[in-house]
Amino acid sequence: MILIGERINAGFSDVKEALKARNAGEIRELARKQTEAGADYLDINMGAVSKDPADMVWLVETVQNVVDTPLSIDSQKAEIVEPALNVCESKSLINSTTAQDDKLDKLIPLAVEYGASIIGITSGKEGAPQDVNGRLEHAAKIFTKATEYGLGVEDLFIDPVAMPLKFMQEQASNLLDSINQLSNISDPPPHISLGISNMSSDASEKSLINRTFLVMAMAVGLDAAICNVFDEKLMNSVATGEMILNEEIYNDSYVETYRMNQ
Amino acid sequence: MQIPDVSSKWENEISTVKIGATPEEGGTRKETVTIGGQTAMPYLSFEGSIPNRPVTAFEVWDVRPESWPEVTKEPFEEVLGEPAEWSQKCEEEYDPDLLCLRLKGCDPYGKDRTPEQAAKTVEKVLEATSLPLIIWGSGDKDKDNEVFTLVSPAAEGENCLLGTITEDNYRTLSALGKADNHKVIAESPVDINIAKQVNTLALDVGFDLEDIVIFPDSPALGYGIEYVYSIMERTRLAGLKGDRLMAQPILANIGGEVWKTKEAKITENEKPSWGNHRKRGPVWEATTAFMYLQSGADLVIMRHPKALKEVKRHIDRLMGDDGKDSS
């Protein structure tokens with residue numbers, strides 16, 4: 001599993017305050033701790049705090065001061081993404097584009113130009129469809145555009161959009177069906193990712209819902225997740241899921257070994 | 001029509017393990033040996049790099065090896081029971097890359113030699129030779145722990161490869177190896193899960209991934225070789241895919257396994273239809289080594305000079321160093 005640490009997000013009050021005050025220490029600490037916890041990428045999201053590309057560049061440079069973990073630039077605006085990619089020192093991920101032409105035609109060429117990967121979310125002008133076919137149509141469009149622009153399938157992530165279980169309970173099975181079908185869209189398939197924490201939005205058993213859904217989704221083809229890497233139970237579930245899927249060789253200390261391998 | 005490129009690209013590199021230390025590095029070896037470091041499956045150089053050749057070690061015992069078949073004793077008859085002279089003869093006449101000193105004489109059910117005697121033997125062998133050294137215990141775990149307590153410091157600075165640590169006996173030898181700067185052999189009995197577990201345990205007690213060589217056992221041709229062939233292959237695939245705890249060089253103990261088999265041992269007098277045993281035995285040993293080299297072994301321990309010679313030639317051919325056009 002490719003794990004994208006979600007914590008450097010100005011939707012969290014500590015990050016919001018740190019970004020406003022340009023408090024590098026707080027951001028660095030989150031970068032270091034998420035890396036230690038096993039994040040493969042660190043998502044960088046300014047939320048509603050700023051629309052200034054210079055703030056995103058500051059966040060990227062601040063994080064790169066302490067870790068060399070690849071970064072996920074969380075914005076759909078090319079004017080924010082490009083300056084950030086320009087200062088990224090390792091392979092990065094654009095998070096994200098929707099299936100709308102104006103976004104695809106700006107952001108996919110940027111990914112190609114900077115050697116970055118990109119997440120395409122199955123959402124269009126009318127928002128994110130809830131049924132399986134709607135999701136697949138958007139995915140097909142993203143996939144076709146990516147191919148046209150010469151983006152390698154290994155650099156394409158499709159996100160079929162997780163919706164809160166508490167409010168849209170019937171969505172979870174649609175989502176699992178979508179993941180299953182997306183994993184057959186090509187051979188090899190693109191990566192399939194989800195913002196896992198959306199599943200448990202406003203629910204009582206957040207961690208339990210997140211990790212249970214995550215392993216169910218892994219079983220049908222999910223191979224990337226934006227998630228809380230500080231959630232030890234979730235990380236142990238990922239380790240166990242990978243072992244059950246025979247992607248890792250079993251040993252008696254497999255949970256510990258999984259951490260060593262991160 | 002364009003032929004599609006089906007070569008694989010791997011994410012990870014096999015750990016590099018260096019054995020031996022020159023005087024500049026605090027030892028007395030003339031040269032060191034480095035294994036591992038590849039980013040491709042065995043000999044598929046078009047998929048990645050293979051910076052280090054597989055290497056050979058020649059087996060020497062601390063006592064006269066009474067259990068060896070005559071045909072393996074004959075080449076060394078005048079030096080058997082004299083490990084320093086025996087080691088010297090191996091180095092001078094047969095040119096292996098390393099020597100493997102087996103402390104079989106320390107076996108409590110055999111000659112039960114003391115740790116002090118074993119340490120003296122190790123010192124003498126190091127003095128008489130200039131090749132990097134593997135030191136392998138008797139196989140009795142309690143006795144080996146006692147023996148290595150003196151043997152490891154006796155070889156301090158020489159960066160030897162000590163064997164073996166196992167799932168239920170790793171603390172003592174790991175601590176000694178770490179203290180005296182040696183490498184260790186992580187042994188697992190034809191079981192990939194245990195191989196990974198032993199490596200995890202070794203890391204837990206402070207070893208680095210560059211300090212470990214995997215020994216998944218190496219049964220002779222005809223005695224389960226296909227199981228270990230698969231294990232070595234799967235281990236290497238996992239290592240290249242990114243499992244750092246499976247990404248260590250692999251060792252195969254060829255001579256010790258092959259010369260237990262009837263196919264290698266039985267003389268022509270006993271089985272006339274099997275042909276000349278002086279040829280058959282070494283061929284059995286060399287063929288077993290060929291198989292393990294093909295599945296991923298980086299270090300093979302040999303016993304018969306003829307088999308060693310064939311294996312060295314085979315490695316030259318596999319690495320394209322035999323002067324012949326392989327196209």
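Q: How far does helix H7 (residues 171-182) of chain A reach from its first C-alpha to its last?
A: This is a predicted model, where local features need pLDDT of at least 70, side-chain atom pairs count only at pLDDT 80 or more, and totals for chains, interfaces and linings use all residues, while side-chain values use heavy atoms, leaving out hydrogens and water. Residues are numbered from 1 along each chain as its sequence is written, and chains are lettered from A and ligands numbered from 1 in the order in which they are written. Helices (H or I, at least four residues) and strands (E, at least two) are DSSP runs, numbered from the N terminus. With 12 residues, H7(A) comes close to the expected span (1.5 Å times one less than its number of residues), reaching 16 Å.

Q: Within what arc do the buried residues of H7(A) fall?
A: Buried means under 20% relative accessible area, exposed over 50%, and partly exposed in between (1.4 Å probe, protein chains only). The buried set in H7(A) is A:Gln171, A:Ala172, A:Leu175, A:Leu176, A:Ser178, A:Ile179 and A:Leu182. Going by the directions from the helix axis to the C-beta atoms, these buried residues line one face of the helix, because they fall within an arc of 160°.

Q: Is A:Ser173 buried, partly exposed or exposed?
A: A:Ser173 sits in helix H7 of chain A. Its relative accessible area is 45%, so A:Ser173 counts as partly exposed.

Q: How many nonpolar residues are in the lining of the largest cavity?
A: This cavity has a volume of about 110 Å³, and of its 16 lining residues the closest to the centre are B:Gln38, B:Pro42, B:Tyr43, B:Pro54 and B:Asp298. Ala, Val, Leu, Ile, Met, Phe, Trp, Tyr, Cys and Pro count as nonpolar, Asp, Glu, Lys and Arg as charged, and the others, Gly among them, as polar. By class, the lining has three charged and four polar residues, and its nonpolar count is nine.

Q: Which helix gives the most to the lining of the second largest cavity?
A: This cavity holds about 50 Å³, and its lining includes A:Tyr254, A:Thr257 and B:Lys196. H9 (232-244) and H10 of chain A each supply at least two lining residues. The most, four residues, comes from H10(A).

Q: Is A:Val161 buried or exposed, given its positive phi?
A: A:Val161 lies in the loop between E6 and H7 of chain A, with phi near 70° in a residue other than glycine. Its relative accessible area is 17%, so A:Val161 is buried.

Definitions and conventions. On a 1 Å grid over the protein atoms alone, a cavity is a set of points where a 1.4 Å probe fits but cannot get out, and a pocket is an open set with protein on both sides within 12 Å along at least five of seven lines; lining residues have an atom within 4 Å of a point. Grid points are joined across faces, edges and corners, and a volume is the space filled by probe spheres set on the points.
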